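Subject: Structure handover and notes

Dear colleague,

I am passing this structure on to you, and my notes on what was found follow below it. Please read them with the model open beside you.

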Amino acid sequence: ELVSCVGWTTADELYSCSDDHQIMKWNLLTSETVQVVKLPDDIYPIDLHWFPRSTGGKKQSYAESFVLTSSDGKFHLISKSGRLEKSVEAHGGAVLAARWNYEGTALVTVGEDGQVKVWSKSGMLRSTLAQQGTPVYSVAWGPDSEKVLYTSGKQLIIKPLQPNAKVLQWKAHDGLILKIDWNSVNDLILSAGEDCKYKVWDSYGRILFSSQPHEYPITSVAWTMDGELFAVGSFHTLRLCDRTGWSYALEKPNTGSIFNIAWSIDGTQLAGACGNGHVIFAHVVEQRWEWKNFEITLIKRRTMEVRNVINDAVDLLEFRDRVIKASLNYGHLVVSTSLQCYVFSTKNWNTPTIFDLKEGTVSLILQAERHFLLTDGGGLYLYSYEGRLISSPKFPGMRTDVLNAQTVSLSNDTLAIKDKADGKVIYIFEALSGKPLGDGKPLTHTTEIVEIALDQKGLTSERKIVFIDKNRDLHITSVKRFGKEQKIVKIGTMVHTLAWNDTSNILCGIQDTRFTVWYYPNTVYVDKDLLPKTLYEKDASEFSKNPQIVHFVGNQITIRRADGSLIHLNISPYPAILHEYVSSSKWEDAVRLCRFVKDQTMWACLAAMAVANKDMATAEIAYASIGEIDKVQFINFIKDLPSKESRMAHILLFSGNTQEAETLLLQTGLIYQAIQVNINLYNWDRALELAVKHKTHVDTVLAYRQKFLEDFNKKETNKRFLQYAEGVSI
C-alpha cells in the first residue's frame, strides 16, 4: 500500500509508515529493513514527526519517540521500539499533520475539521489556536517556536501563540495548498499547491520565488536543516532546489506521487514516501566550490575531484566517511565528514591535516586568512589551519543550529555573531581567546539586523563591521569600543547582498538597481562628504532580480543570478594597490599611482586615507586634485599651527569629531583654543561654560557673542550671558 510518511532517527536510520499498517525501520549502513510494529487495522497513518533531539541543552545522538497521526482523529505517541505509549482523541475526521516545536515542549496538530490545536509534551490539550470551515492540510512552527504557520484552502496564515497578537494571512496559490515548510535558519517559507507550483516566501508573506507550473500537483516540499537547499516532490518527480528557488536537479523516479519528504539530520540525503508503496532514497552530490584557479566537485559521497584550471591537473581526494560540508577559501579546503575534519592546503593535496570532531554533524564552516570556524549542534569552534583548537566562544542563549553565513562573520582577529533571540544585537568576540571584545557589551542597533560582515584586512584596532537591517539599509561601525560610543553610520540603502574583498578593505554590494563598490568605506569617519566620490557604481539590471554576491576575490566579483547562473565582474585593480601602499605607508608611491591612473575616485580615496593616517601633506595634494579648495585651505591652516597637539585637535575637527578635539585641547591645557573652537562652531553655551570653569577669557566670549548679535540685529536673550555681561566690562 501507499507509504504516507517517513522520518529519520539518526543520519542513517529511517522509519516509514504505510497504509498496510506497518512501521518499518531502514538501516542504510547495513541495508537491512525490519518491521518495528504492525499497527491495529483501524489505524491508517498520515503523518510522523520525531521528537527533537536537542532538548534542554542536552544533545542526544538519536531521537527517542515520535508522534504519529491517523485517519481516525487521533494522534499516537510511540517509542522508538514501537510501543504505543499514548493515543489522544484530537480532531473530528483525520489528523492531517503534527509537528513538535524546536524545544520539544509543545506539539501542534491540524485536521480535516479545520482546527489547529496545541498540546503539551505529554499529550494534554493546551489551546485551540484556530477554527475554520475547511481542512488544514499542513502546519509548521516559526523559527522561535512562537508562531504557527498553517494552510487554509489557497491561503497561508501565520498565527502567533500569544492571544490578540497580529495574524498574517495572504493568498499564496491558485489551488489548494498541500504542504508547507518553514526553515529556522533562513526564516523562509515553502509552499506547494494543487496549482502545480511551489513557491518561496519570506516570513512577512512577500514572494521570493514562484516556479513554473508542473504537470501534476506538488505533493511535498522540505527544507534541509541549514536552509541552503530544499526538495520538491510530485507525481514521478523529485526536484532539488537552491534556497533562492532555482533548480539544481530533476529526477523522474517511478514512484507515483511522493507524499512526504524527510531530510536526514546532516542534510546529505533524503527519503521520500511514495504512492506506490516504495520508499525512495536520494543523496546530494556534485556540489561545487571555486576559488581562484581551483574548481572542486563532490563526485561521489566520499570522493572529491580537484581541478586546477591553469594546467588541467586533476587530483582525487578520498574520504573515509561521507562528506557533509566543505569550504574553499584563502588557499585552504576544509572538509567535514560525519566524524572527522580534513584541512588541505591548495599547494599540496596529498597530506591533509585530519582531526576528529566532537559532535559530528557540522552545520557551517567559515574561513578567514589565518583560521576557520566550525559550528555544530554543540557549539562554535575556532581552529587554526594546522588543526589546533584556538577557542570556542560562548554567549547566553546560544543556539548554534540556527547560524548561517549571513549571521556569523569571521576575520583574523574578530568573530561577530548576530543574536537569534534579539535580532538587534551583535555579539563580538576576540578570535584568539574566545572572550567578548572590549568591555564585553554587544553592539546594539535600533532595528532588526539581517546580515553582518567583518572586513578582513588592516589593524585590529580599526576593524569595521557592516550590517544590513530589516529596512535594507547598510550601516558601518567600528568593532573596537574604547568606552566611547562609536557612531553607526548609514552608507547605503536598499542593499540586498554584500561582500568584503579578501585582500583589502573594499566592500561591494547591490543597492536597488545599482551595483556599488565602496572603495574605502572608512571615509565616513574621516570626511563624510567625500563618501559619494569614493564609490564605483554600475547598472545592475543585467543581474535580474534578487542576485546574490558569492565571492569577492582579488578584483573579481562572482554574482549568482536568481536563475542560478553565475556572472563574473571585474573591477579596477588600482584601489586595491592603493590600499596596499597606504597600509605600508608608501605615500609617494600612492600619489604617483593616482597621478598615473588620473581618476577622481582614486584621489578621493587617497584623500580620505591620508587624513585617516594623519598625513596632511598627501591629503593636501589629493584634495587639490579633486577640487576641494576649502579643505586644502583648512589643511594649510592646520600645517601652520604651532603645537603638535593643536594640529592633532584640528585634524579631529576636520573629520567632524568636535568632542574629541575639545577634550584633546583641554587635556593639553590649550584652553583658549578649546573656547575658540566652540565660538567658531557657534556653541556659545559651551564656550561660556569652559571660560567660566577655567576662569579665563570670559570677556572674549562675551565680546564675540555681542558682535554676533550686532551682525544680526538681535537682542541678548540667553540668561547666562546676561548674568555675566553685568559683571564684565567689554
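Leaving aside its neighbours within four places in sequence, N186 is in contact with W223, G227, R243 and N404, where contact means heavy atoms within 4.5 Å. This residue sits in the loop between β19 (177–182) and β20 (189–193); helices (H or I, at least four residues) and strands (E, at least two) are DSSP runs, numbered from the N terminus. N186 counts as buried because its relative accessibility is 10%, given that buried means under 20% relative accessible area, exposed over 50% and partly exposed in between, with a 1.4 Å probe and protein chains only. The side chain of N186 has a polar atom 2.8 Å from the backbone nitrogen of L188, and a polar atom of that side chain also lies 2.7 Å from the backbone oxygen of G227.

Before going further, a word on the basis of these notes: this is a predicted model, in which local features need pLDDT of at least 70 and side-chain atom pairs count only at pLDDT 80 or more, while totals for chains, interfaces and linings use all residues. Residues are numbered from 1 along each chain as its sequence is written, and side-chain values use heavy atoms, with hydrogens and water left out.

Next come the strands around β39. Six of the six residues of strand β39 (residues 371–376) are buried, so the strand is largely enclosed by the rest of the structure. H371, L373 and T375 point one way from β39, whereas F372, L374 and D376 point the other way, and all are buried. Strand β38 (residues 362–367) runs antiparallel to β39 and is joined to it by five bridges, two strands being counted as paired if DSSP finds at least two bridges between them. Within this pairing, V362 has D376 of β39 as its bridge partner, and the two strands form a hairpin with three residues between them. Strand β40 (residues 379–384) also pairs with β39 in the antiparallel sense, over six bridges, with T375 standing opposite L380, and here the hairpin passes through two residues.

A separate item is an open sheet of three strands, which has the order β27-β28-β29 and antiparallel pairing. Its edge strands are β27 (258–263) and β29 (279–283), each of which pairs on one side only. Neighbouring strands of this sheet are turned by 20 degrees against each other on average, direction ignored, as judged from axes that are lines fitted to C-alpha atoms, for helices over the stretch in contact, with angles running from 0 to 180 degrees between N-to-C directions. Strand β28 (residues 269–274) is joined to β29 by five bridges, and A271 has F281 as its bridge partner in β29.

Turning to the helices, the buried residues of α7 (residues 658–667) are A661, E662 and L665. Seen down the axis of α7, these residues fall within an arc of 95 degrees, so they line one face of the helix; the arc is that of the directions from the helix axis to the C-beta atoms. The exposed residues Q659 and Q667 are carried on the face of α7 turned away from its buried side. What covers the buried residues of α7 includes α6 (644–654), α8 (671–680) and α9, and the helix is followed by G669, whose phi is positive, near 80 degrees.

Which residues touch the most other members of the largest nonpolar core? In this core of 47 residues, they are F515, I557, L578, L606 and Y623, where a nonpolar core is a set of buried Ala, Val, Leu, Ile, Met, Phe, Trp, Tyr and Cys residues joined through side-chain atoms within 4.5 Å. Helix α3 (residues 600–612) gives the largest share of this core, 10 residues. Not counting residues up to four places away in sequence, Y623 touches D527, L530, A607, V611, E628, K631, V632, I635 and F654.

Finally, there are two loop residues to look at. D312, in the loop between β32 (303–308) and β33 (313–318), has a positive phi near 60 degrees although D312 is not a glycine, and D312 is partly exposed, with a relative accessible area of 49%. K695, also a residue other than glycine, has a positive phi near 50 degrees; K695 lies in the loop between α9 (684–693) and α10 (698–711) and is exposed, with a relative accessible area of 73%.

With best wishes

Conventions
A polar contact is a pair of N or O atoms within 3.5 Å; within protein, one must be able to donate a hydrogen and the other to accept it, and residues adjacent in sequence count only if both atoms are side-chain atoms.
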